[in-house]
Amino acid sequence: MARPYLGGSSAGIKAVSSDATLVPADTGKTILMAANGIDITLPSAAKGMEFTIIQSADYDTAVCTVVQAAATEDFYGALYGSTQGESAGTDADVAVAANTKITFSSASLKGDRVRLVSDGTGWYAEAFAQNYAAITFDN
């Protein structure tokens with residue numbers, strides 16, 4: 001179901017320009033993450049919780065990360081990106097149980113994003129980037 005336009009309200013958007021921990025009340029929000037060394041910690045996984053985290057500027061001087069609240073709250077999903085000059089079979093990253101964070105690397109650009117949805121035990125991830133080196137699932 002589409003969200004209604006709120007007449008200029010930014011109720012569904014949260015800008016993050018320094019390290020932050022998201023809370024359950026942030027669920028459903030689009031998080032605009034600055035591009036200089038930001039660490040965003042997710043709340044504990046809860047069924048139906050979801051976030052879209054978008055990098056709001058090109059990489060500057062330090063990588064940004066999205067970190068699980070607990071190492072047992074695994075990421076499942078993959079990175080999708082540009083097909084020009086890159087091979088999805090060899091360059092894209094896939095989340096595995098050992099991954100505890102998502103890294104927006106030095107190749108990340110304004111608009112690169114990850115959408116996270118929780119089933120209560122882990123996080124399903126859809127990451128989109130302009131090139132496959134931009135976002136990785138890491139330990």
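**Overall composition**

The model is predicted. Its chain has 139 residues, of which 36% are buried. One helix and eleven strands are present, and their order along the sequence is β-β-β-β-β-β-β-α-β-β-β-β. Among contacts between residues at least 6 apart in sequence, 65% link residues at least 24 apart. The accessible surface of the chain amounts to about 7000 Å², and carbon and sulfur atoms account for 54% of this area.

Five strands form an open sheet in the order 2-4-6-8-11, and their pairing is mixed. Strand 2 (20-21) and strand 11 (135-138) lie at the edges, each pairing on one side only. In general, the strands of a sheet pair through backbone hydrogen bonds, in a parallel or an antiparallel manner.

| Strand pair | Direction | Bridges | Residues standing opposite |
|---|---|---|---|
| Strand 4 and strand 6 | parallel | three | Ile40 and Val66 |
| Strand 8 and strand 11 | antiparallel | four | Phe104 and Ile135 |

In the parallel pair, strand 4 covers residues 39-41 and strand 6 covers residues 64-67.

**The nonpolar core**

The largest nonpolar core contains 29 residues, and those touching the most other members are Ile53, Ile102 and Leu116. Eight strands each supply at least two residues of this core: strand 3 (30-33), strand 5 (50-55), strand 6, strand 7 (75-81), strand 8 (101-104), strand 9 (113-118), strand 10 (123-129) and strand 11. Strand 10 gives the most, with four residues.

The surroundings of Ile102 can be described in detail. Leaving aside residues up to four places away in sequence, Ile102 touches Cys64, Thr65, Val66, Phe75, Val114, Leu116, Ile135, Thr136 and Phe137.

**Ser105 in its loop**

Ser105 is placed in the loop between strand 8 and strand 9. Its relative accessible area is 13%, and because this is under 20%, Ser105 counts as buried. Apart from residues up to four places away in sequence, Ser105 touches Tyr59, Val63, Ala133 and Ala134. With one of these, Ala133, there is a contact to the backbone: the side chain of Ser105 reaches the backbone oxygen of Ala133 at 2.6 Å. Ser105 and Thr61 are separated by 44 residues in sequence, while their C-alpha atoms are 10.0 Å apart in space.

Technical notes:
Residues are numbered from 1 along each chain as its sequence is written. This is a predicted model: local features need pLDDT of at least 70, side-chain atom pairs count only at pLDDT 80 or more; totals for chains, interfaces and linings use all residues. Side-chain values use heavy atoms; hydrogens and water are left out. Two strands pair if DSSP finds at least two bridges between them. A nonpolar core is a set of buried Ala, Val, Leu, Ile, Met, Phe, Trp, Tyr and Cys residues joined through side-chain atoms within 4.5 Å. Buried means under 20% relative accessible area, exposed over 50%, partly exposed in between (1.4 Å probe, protein chains only). Contact means heavy atoms within 4.5 Å. Accessible areas come from the Shrake-Rupley method with a 1.4 Å probe; for residues, only the protein chains shown count as cover. A polar contact is a pair of N or O atoms within 3.5 Å; within protein, one must be able to donate a hydrogen and the other to accept it, and residues adjacent in sequence count only if both atoms are side-chain atoms.
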